[in-house]
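Please have a look at the model below and read along.

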Amino acid sequence: MKTSRAWTLLGASLLSLAGVLLPGCVREVRPTPDASERAVAFIGVNVVPMDTERVLADHTVIVRNGLITSLGPSATITVPADAERIDGKGRYVMPGLADFHVHLHSEEQLLSYLAHGVTSLFELDGSREHLELGVKLKENQRFGPVLYTSSPLLDGGPPGGKVVSVTTPEQARVAVVKQKNAGYQALKVYDNITPEVYATLTAMARQQRIPVVGHVPRTVGVEGVLRSRQALISHGEEYFHSASRDESRIPALARATKEAGTSVVPDLVHIDTALRMLKDLEGVFADPESRYLSPEVLRNWRYSNPTRRVDVAAYGEREQAAYPFVQHLTLALQKEGVRLLLGSNASDAGLFPGKATQRELGELVKAGLSPYEALSAGTRNAGAFITDHVDAAARFGTVAVGQRADLLLLPGNPLEDVGQADRALGVMVRGQWLPRERLQKLREKSAEAFSRR
C-alpha cells in the first residue's frame with residue numbers, strides 16, 4: 001500500500017493530539033550506565049558473519065563497551081574472567097537487522113522492533129522528537145534500536161502537518177541547509193516536487209553532503225531521479241508508477257539503478273498488506289501483535305487504511321498489478337548488483353513494528369532472492385549505506401572485530417531459513433544483552449498499561 005498525502009496529513013493530525021511520539025512504557029526501561037562495560041561472551045556458537053555466505057562453526061565472540069572485541073575458534077579465545085558467559089552450542093549468531101523504512105509513532109514500538117531482532121531503524125518522516133529520541137537512545141537514556149532520522153517530507157504545494165513546502169529553487173536551497181543544520185541525516189523527498197526544484201534540491205544536497213532519500217516525484221520520473229543519483233528510493237512501487245506497469249522496462253531500469261549507485265527498499269510487504277486489508281481488514285487488525293500498539297496508533301489505523309479510500313476499487317486493481325511488478329523488479333535489481341535494503345513502512349496501517357520487517361525478509365525470498373541475499377538487505381547492505389552516506393565511522397551489519405555489537409542469538413541457521421531470524425533467543429543492541437524472556441516481560445508490561453488506558 002502506498003500512503004497518499006491525504007492519509008499522511010490525516011495521520012499526522014490524529015497523532016498530534018497526543019504528541020508526535022506518543023508515550024509508552026519504554027520510558028520506564030533504562031539500562032544502567034555500566035550496562036555495556038562488563039564483557040559478554042558467546043561461547044561455542046556458529047557465527048553467520050554476513051560478510052560472505054558462510055558459517056564459522058564453534059566460535060567464541062567477546063563483546064565489551066558496545067563493540068565486538070574478539071572473534072575466533074573457541075579453542076583459541078580466552079574468555080575474560082568478568083564476562084557474562086552465554087552458552088551458544090548448537091546455536092547461531094548473526095548481525096541484528098536494520099529496517100530502513102519506518103514511521104515510529106510511539107516509543108513502545110521500540111520494544112517490538114527489538115523483540116523481532118531489529119537493532120537499527122531509519123525513520124523516513126522525521127521530526128524534532130525523533131531527533132531527540134535518537135540522541136537519548138545513543139546515550140542509553142532510552143531503551144531500543146539505533147535510530148537514524150530523515151527530514152520531514154519535502155514536497156510541492158502548501159505546507160501542512162509536518163510537510164516542508166519547496167515550490168521554488170530558493171525554497172529548496174533554504175530547506176536543504178535548514179534540515180541539515182537541524183540534525184537530520186537525510187532529506188526525504190515526496191511526490192509533488194517539480195523538476196526544477198528537484199534539480200536544485202539534489203544539487204544543494206550534494207554540496208551539503210547529505211543524502212536524498214524517499215519517493216520519485218511524479219513529474220521527475222524514475223529516470224530523472226536516477227540521473228540525479230538519489231541515494232535511496234523507497235518504495236519499489238515508485239518504479240511501477242514511473243514505468244506505467246510496463247514490465248518490459250524492468251531490465252533497463254535495473255541497469256540504470258546500478259549505474260546511478262542508487263539503493264532501493266522494495267517494500268513488498270507494504271503492497272501485500274494493503275491487499276490483505278482490502279480482503280480481510282478485521283483479520284489483519286486481529287493480529288496478536290496489536291496488543292503491543294498504543295490505542296492512539298490503532299485508532300489512527302482505522303482512519304488510514306486502504307478500505308477508507310474513495311477510489312478503493314481502482315486502488316485494489318492497481319495494487320494487484322503492482323505486486324508482481326515489484327517482485328520481478330526486486331529480483332532484477334538483485335541480479336544487477338543494486339544495493340537492496342530491508343524496509344517495511346511500519347507502522348502504517350496493518351504493518352506491525354518488527355513483525356513487518358520479518359515478513360519483508362520472507363517477501364524477498366518469495367521474489368527469488370536467496371536467504372543470504374535477503375538477510376544482506378537488512379545487515380551488511382544497511383551498514384554499507386550508512387557508512388557511505390550518513391556516518392563514515394559507523395561499523396555494523398557484519399560480525400567482525402571492531403563492529404558495533406548488534407547481534408541475534410538464533411536456534412537455527414538463517415542461511416537455510418530466514419524465518420530463524422524471528423526466533424531469537426536473545427538480542428544484543430549496542431553491547432547490551434537482552435534475553436528473549438526479558439524482552440517479552442517488558443512487552444507484556446507495555447500491553448498491560450495500554451489495556452488500562
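The largest pocket has a volume of about 730 Å³. A pocket here is an open set of points on a 1 Å grid over the protein atoms alone, where a 1.4 Å probe fits, with protein on both sides within 12 Å along at least five of seven lines; lining residues have an atom within 4 Å of a point. The volume is the space filled by probe spheres set on the points, which are joined across faces, edges and corners.

This is a predicted model, in which local features need pLDDT of at least 70 and side-chain atom pairs pLDDT 80 or more, while totals for chains, interfaces and linings use all residues. Residues are numbered from 1 along each chain as its sequence is written, and side-chain values use heavy atoms, without hydrogens and water.

The lining of the largest pocket comprises 32 residues, with K138, V146, Y148, D391 and R404 nearest the centre. By class it divides as follows.

| Class | Lining residues |
|---|---|
| Nonpolar (Ala, Val, Leu, Ile, Met, Phe, Trp, Tyr, Cys, Pro) | 14 residues |
| Polar (the others, Gly among them) | 11 residues |

S127 sits in the loop between strand 7 (118-123) and helix 3 (128-138).

Technical notes: Helix = DSSP H or I, 4+ residues; strand = E, 2+ residues; numbered from the N terminus.
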